[in-house]
Amino acid sequence: MLGAHAGGSICRLMNKLSVYEFKRRALSVFFPNICPFCGRVIDARDYYCEPCEGLLPLINGELPPPENVSRLYACCWYSGIARAAVHMLKFKCLIYPADAFGLMMSRVLQNVSADALVPVPSGFLSIEKRGFSPAEEIAERVSMRLNIPILNALTADFDKVEQKTLTRKSRILNARKCFHLAEDVEVTGKRLLIIDDVTTTGSTLSALAEILLNAGAADVSAAVFAQVPGSIKRPEEPKRYKPKRK
Ligand SMILES: [Zn+2]
């Protein structure tokens, strides 16, 4: 629920979306919009090109959630052009893929209700290097479209050791060490939706959900733009029949 001031908040958020879209179109006169998946110049109103839409490794739905997380939503598998676009955002420090990610995630989440979006925080050094936090940028765009406020309920005390270099157990311990509940933030009784760009095993999401649940959150779900394939069981993967040995 959005609470007693829902009407006012919705108006403010809708205005924010209109201003954001207007600015994006106006700026495209000088800096044409680019498809984050292939680099083609696209129309001022578009967020990615039509050919790429057919090439995206879409999930468009729910995946088995990690521990402590009620539901996990994802747009794409982290492969092909989806992976290339995430690299632009995370490693080439280009912010424009967040526009497409925010739009696509808001479509996946359009029937999901939550009291607040909680972006996975980046460490100070990462923000200094990139100039922005990928999860916060995506969360802002999702928030504008779904009229769900952002709650910066978590902080990263220092930069995470790159999770992908760690074992599953080390990932959980590392995430627990790095993240904490932000000061003066009230999460009691709230249904929260964690937002991130990519998840691999879900260890970070699981550790963050644990922090939020321990602080009194009623429910914690998570949404990511991309899920690394092979790290979890694909829901569409059929069970293989194994004949019993005689
Ligand atoms: Zn494209």
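Let me begin with the basis of the model. The structure is a predicted model, in which local features need pLDDT of at least 70 and side-chain atom pairs count only at pLDDT 80 or more, while totals for chains, interfaces and linings use all residues. Residues are numbered from 1 along each chain as its sequence is written.

The chain has eight helices and seven strands; helices (H or I, at least four residues) and strands (E, at least two) are DSSP runs, numbered from the N terminus.

I turn to the sheet. Five strands form an open sheet with mixed pairing, in the order S1-S2-S7-S6-S3; two strands pair if DSSP finds at least two bridges between them. Strand S1 (58-63) and S3 stand at the edges with a single partner strand each, so one side of each is left without a neighbour in the sheet. From one strand to the next, the twist averages 20°. S3 pairs with strand S6 (residues 191-199) in the parallel sense over four bridges, and Ala-116 stands opposite Leu-192 in S6.

Next, the interior. Of the 246 residues of the chain, 39% count as buried, where buried requires 20 or more other C-beta atoms within 10 Å of the residue's own, with C-beta atoms placed from the backbone.

How many of the twelve residues of helix H4 are buried? Ten are, so H4 is largely enclosed by the rest of the structure. Among them are Phe-101, Met-104 and Met-105. Phe-101, Met-104 and Met-105 are also in contact with Phe-225, leaving aside neighbours of Phe-225 within four places in sequence; contact means that the C-beta atoms of two residues, placed from the backbone, lie within 7 Å. Phe-225 is one of the residues with the most contacts inside the largest nonpolar core, which has 62 residues. Such a core is a set of buried Ala, Val, Leu, Ile, Met, Phe, Trp, Tyr and Cys residues joined through C-beta atoms within 7 Å.

Finally, confidence. The mean pLDDT (the predictor's confidence in each residue, from 0 to 100) is 85 for the chain, and 82% of its residues reach 70 or more. pLDDT stays under 50 over residues 1-7 and over residues 234-246. Where pLDDT is low, the predicted coordinates should not be read in detail.

Conventions:
Axes fitted to C-alpha atoms, helices over the stretch in contact; angles between N-to-C directions.
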